[in-house]
Amino acid sequence: MRLLDYYRVLQVPRHADRATLRQAFLRLCKQHHPDTTTLPAAVASERFRRIKTAYATLQDPAARQRHDAWLRQHSPMTVAPVGIQTVQEHPVSPERPLSGGEWLALIMLACTLLFCAGLAGILVLQQS
């Protein structure tokens, strides 16, 4: 029987806290969501499903305890790597580069502010 190591799925250490789990979950969702990846749809959907399942299990204290007990009962040779590249155990960095959509939102916000400042300037000039 092959067991998924949900810590490997989320690429976090076994002692990861809830915040670290959430950061890893969000980062992996961006990378593997079927709408945002170049992977074939079937592969992306399966990876995304595994990521969601891993996060749900590790966020629930009782489910996490059951998962940890199950992992302890199985040797490392029976744990499946799930096809997502894993990294050595270390906390997920809270800093990350902005995505294209986030840059677009910032540019649109800046343009909106400039437009409003321009309109305010025109109204001030018209009143004087």
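A nonpolar core is a set of buried Ala, Val, Leu, Ile, Met, Phe, Trp, Tyr and Cys residues joined through side-chain atoms within 4.5 Å. I applied this definition to the structure, which is a predicted model.

**Entry 1: the core.** I looked up the largest nonpolar core and found that 17 residues belong to it. Leu10, Val12, Leu21, Ile51 and Leu58 have the most contacts inside this core. I then checked which helices contribute: α1 (6-10), α2 (18-32) and α3 each supply at least two of the core residues.

**Entry 2: Thr57.** I located Thr57 in helix α3, which covers residues 41-59. Is Thr57 buried or exposed? Its relative accessible area is 15%, and buried means under 20%, so I recorded Thr57 as buried. Leaving aside residues up to four places away in sequence, I listed its contacts as Tyr6, Ala63, Arg64 and His67.

**Entry 3: helix α4.** I noted that α4 spans residues 61-73, 13 residues in total. From first C-alpha to last it reaches 19 Å, close to the 18 Å expected at 1.5 Å a residue. Which residues of α4 are buried? I found Ala63, Arg64, His67 and Leu71. Viewed down the axis of α4, these buried residues fall within an arc of 100°, so they line one face of the helix. On the face turned away from that buried side I recorded the exposed residues Pro61, Gln65, Arg66, Arg72 and Gln73.

Entry 4: I consulted UniProt, where an unreviewed entry places the feature "transmembrane region" at residues 103-125. In the model I found this stretch to be 100% helix and 0% strand, with its end C-alpha atoms 33 Å apart.

Technical notes. Residues numbered from 1 in each chain as written. Predicted model: local features only at pLDDT ≥ 70, side-chain atom pairs only at ≥ 80, totals over all residues. Heavy atoms only, no water. Helix = DSSP H or I, 4+ residues; strand = E, 2+ residues; numbered from the N terminus. Expected span 1.5 Å × (residues − 1). Buried < 20%, exposed > 50% of the residue type's maximum accessible area, 1.4 Å probe, protein only. Arc of directions from axis to C-beta. UniProt positions renumbered as here; feature names shortened; annotations may be inferred. Contact = heavy atoms within 4.5 Å.
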